[in-house]
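Visitor: I am new to this structure and would be grateful for a close look at a single part of it, followed by an account of its surroundings.

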Amino acid sequence: MKNAIVTGGAGLIGTGICEALVARGFDVASFDLTVSTHPSDGVRGIECDVADEASVDIAIAELGWDQIDLLVNNAGATAGALGTSILDMSFADWRRVIDSHLTGAFLMTRAVVPLMRTGGSIVNMASTRAFMSEPNSEAYAASKGGLVALTHALAVSLGPKIRVNAVAPGWITNDMDLSEEDEAQHPVGRVGRPKDIADAVLYLDGAGFVTGQVLTVDGGMTKKMIYTE
């Protein structure tokens with residue numbers, strides 16, 4: 001049986017990834033804040049602040065695995081990350097967003113790589129906001145852009161033993177009460193679901209000739225030209 005760690009595993013996308021990995025036969029651990037149980041059956045929930053070096057070390061020790069096959073760096077703060085003007089954002093808020101997404105991926109990768117003794121795969125959770133923006137999203141965009149660069153740098157440094165890729169989700173929700181206009185913004189005709197991202201993670205884990213890449217999963221939204229009349 002293969003082992004996988006999913007950071008931010010109790011969130012919307014993280015839960016979907018954990019469920020898909022369990023269904024695929026993985027032994028799965030979710031590293032998240034203040035987690036004693038996990039919403040998905042068969043997933044071990046471990047409390048961890050991925051932005052804190054000591055917390056990561058403690059969580060890895062608590063997990064106690066001597067082999068890890070897959071790391072999904074999915075954790076990251078979203079509260080306050082979008083909609084706050086750069087003029088109003090405090091340095092502490094900036095650091096909270098950057099550290100939870102980008103520094104957390106660094107700390108987790110550094111801790112897990114020695115346990116990928118027979119090789120493995122790392123999937124970083126980027127975003128289409130690494131390539132396009134709404135106003136007042138600087139911290140989030142910077143953290144996701146950093147993850148894109150970290151992905152190709154790690155792929156070169158850790159290959160060929162370990163492959164490193166990223167997924168860039170678009171609009172992902174479990175909300176089934178969306179307007180036709182919301183759905184129609186996407187060339188596939190619908191907003192994305194957590195399963196769409198989980199499917200991408202499973203693909204990248206098994207894609208032996210793919211590394212250093214960013215797989216955009218957004219229903220084609222970033223390819224659709226928009227004109228105002």
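Visitor: At what angle do helix H1 and helix H6 pack, and how far apart are their axes?

Guide: This is a predicted model, in which local features need pLDDT of at least 70 and side-chain atom pairs count only at pLDDT 80 or more, while totals for chains, interfaces and linings use all residues. Residues are numbered from 1 along each chain as its sequence is written, and side-chain values use heavy atoms, with hydrogens and water left out.

Helix H1 (residues 12-23) packs against helix H6 (residues 194-206) at an angle of about 55°, and their axes are 8 Å apart. Helices (H or I, at least four residues) and strands (E, at least two) are DSSP runs numbered from the N terminus. Axes are lines fitted to C-alpha atoms, for helices over the stretch in contact, and angles run from 0 to 180 degrees between N-to-C directions. H1 and H6 are therefore oblique to each other; angles under 35 degrees count as roughly parallel, over 145 as roughly antiparallel, 65 to 115 as roughly perpendicular and the rest as oblique. On the H1 side, Leu-12, Ile-13, Gly-16, Ile-17, Ala-20 and Leu-21 meet Pro-194, Ile-197, Ala-198, Val-201 and Leu-202 of H6, contact being heavy atoms within 4.5 Å.

The surroundings include an open sheet of seven strands in the order S3-S2-S1-S4-S5-S6-S7, with parallel pairing; two strands pair if DSSP finds at least two bridges between them. Its edge strands, S3 (43-47) and S7 (214-217), each pair on one side only. On average, neighbouring strands of this sheet are turned by 20° against each other, direction ignored. Helix H2 (residues 53-63) packs on the sheet, where it touches S1 (3-7), S2 (27-32) and S3. Helix H3 (residues 91-112) lies across S1, S2, S4 and S5 and runs at about 170° to S4.

The largest nonpolar core has 29 residues, and Ile-5, Phe-31, Ile-60, Met-108 and Val-112 have the most contacts inside it. Such a core is a set of buried Ala, Val, Leu, Ile, Met, Phe, Trp, Tyr and Cys residues joined through side-chain atoms within 4.5 Å. Leaving aside neighbours within four places in sequence, Val-112 is in contact with Ile-5, Ile-60, Ile-68 and Leu-71. A second, separate core of 25 residues includes Val-6, Phe-26, Met-125 and Val-210.

Lastly, Ser-143 is placed in helix H4 (residues 138-158). Ser-143 is buried, at a relative accessible area of 0%; buried means under 20%, exposed over 50% and partly exposed in between, with a 1.4 Å probe and protein chains only.
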